[in-house]
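Open the model in your viewer and keep the selection tool ready. This tour goes stop by stop.

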Amino acid sequence: MRTSIVHPGADNLRYEIRQIVEVARAIEAAGQPIRWENIGDPVAKGESAPGWIKEIVGKAAQEDLSFAYSPTKGLDETRAYIAYERNLEGGIQITPDDLLFFNGLGDAISTIYGALHPTARVIGPNPAYPTHSSAEAAHAGAPHITYRLDPENGWRPDLADLESKVAANPHIAAILIINPDNPTGFVYPQETLAAIVDIARRYNLFLISDEIYSNLAYDVSEMRKLASVIGEVPAIAMRGISKEFPWPGARCGWIEIYNRDKDTDFDRFARSLLETKMLEVCATTLPQRVLPRVMGDARYYPYLAQRVAAYDRRAKRAVAALSDIPEITIHPARGAFYMTAVFRHGVLGMDQSLPTSASAEAIISPHLSAALDQRFVLHLLAATGICVVPLSTGFNSDLQGFRFTLLEADETKFEALLADLAAALRAYLASAPKAAASATKSAAVA
């Protein structure tokens, strides 16, 4: 082309959670059954919305207005319901005008980062969810800036690391929280949320809190939304129905805007989000129409409680199956349906492998990079058909590990998955050359 047409940040757009599917499909075609633990789609893993939710959706689909445009901000009655429910929880109080609907949170994330001033940066957690980290990096044309979630401290954020980076980089305009966290399953304690709000207040920042899994937090987590501690600091909270109903194909999410009256720049930014949405006209109408009917039904939260209890049970089983492997660190999830295992420093090497067929080996060979956890993930896929996501390349992290889901509803299959994963981990680590084996022994002693 006579002039450059590619955005400077285009190379930062990567979503390995789905990209690994291409390799897995090739291995599947070669005869290896695949166990899909890479993506958080409850429906694809065999869960389904209960009959009463389907009945509500079916009735709404017969209504002519379900086929019409909705207002750009979202249906009035739906925004009124969400504001009512939010205000019942305490903390900051909002009105329907503080809500804006999108076609899923992916749409919201893209719009938010795209509306930022080109030099404004958002610092987010490490490990990072790639929809956020890729969109922020692409917006900036530079690597995503992160603060550390500490696997040796139950995945709690390193607040000193966060504040030091905020203080050192005047281009940081916002702090991102994902609560419950993806990929770790960590839930931010209320005092930690309050400390992050205080950092934002002192450095004149706003906050973004992705709370898509907030209604899937476990009982032990004592989950609190950002609204409970936000005070007068400007913020955006993000929610949706994809994981809850579950209905990921509906692409229905919304943002809640807090304290836009406290800062003129933030108010203008919030207005720009609405103006951007006007160019699309509106978000999908049908899921908005059914949302108050489903979430307002007396059966809804008991239904969620049953699902959450199952995820909690599987999280505990995963820890029991994997925590006695000294080369990894693993903590039970406290929300959502993901867990992350981290390899201890020095236990992975370039020469490790698992026994596999020649055809599967040929498929993964072109994809083997210098990322040691990615090499494990590909060998695991080729040898066992278990498809997980590497932490370093999949979640923009300097840690080496992998994320897997807690969505396998068949308990027998889930136990078999854990047994096969544990056996593969032990075999892969045992295949280490002498130098890595020595590091393993040192890590075990430490």
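Which strands does helix α6 (residues 159–168) lie across? Select the helix: α6 lies across β3 (121–126), β4 (146–150), β5 and β6 (172–178). It runs at about 175 degrees to β4. Axes are lines fitted to C-alpha atoms, for helices over the stretch in contact (heavy atoms within 4.5 Å). Angles run from 0 to 180 degrees between N-to-C directions. Helices (H or I, at least four residues) and strands (E, at least two) are DSSP runs, numbered from the N terminus.

This is a predicted model: local features need pLDDT of at least 70, side-chain atom pairs count only at pLDDT 80 or more, and totals for chains, interfaces and linings use all residues. Residues are numbered from 1 along each chain as its sequence is written, and side-chain values use heavy atoms, without hydrogens and water.

Next, show the sheet. Eight strands form an open, mixed sheet in the order β2-β9-β8-β7-β6-β3-β4-β5. Strands pair if DSSP finds at least two bridges between them. β2 (99–102) and β5 (156–157) each have a single partner strand, so one side of each lacks a neighbour in the sheet.

Select β8 (residues 235–240) and β9 (residues 253–258). They pair in the antiparallel sense over six bridges. M238 stands opposite I255 in β9.

Now pick P127, in the loop between β3 and α5 (130–140). A cis peptide bond joins N126 and P127, with omega about 10 degrees.

Finish at E222, in the loop between β7 and β8. Its phi is positive, about 55 degrees, although E222 is not a glycine. E222 counts as exposed at 60% relative accessibility (buried is under 20% relative accessible area, exposed over 50%, partly exposed in between; 1.4 Å probe, protein chains only).
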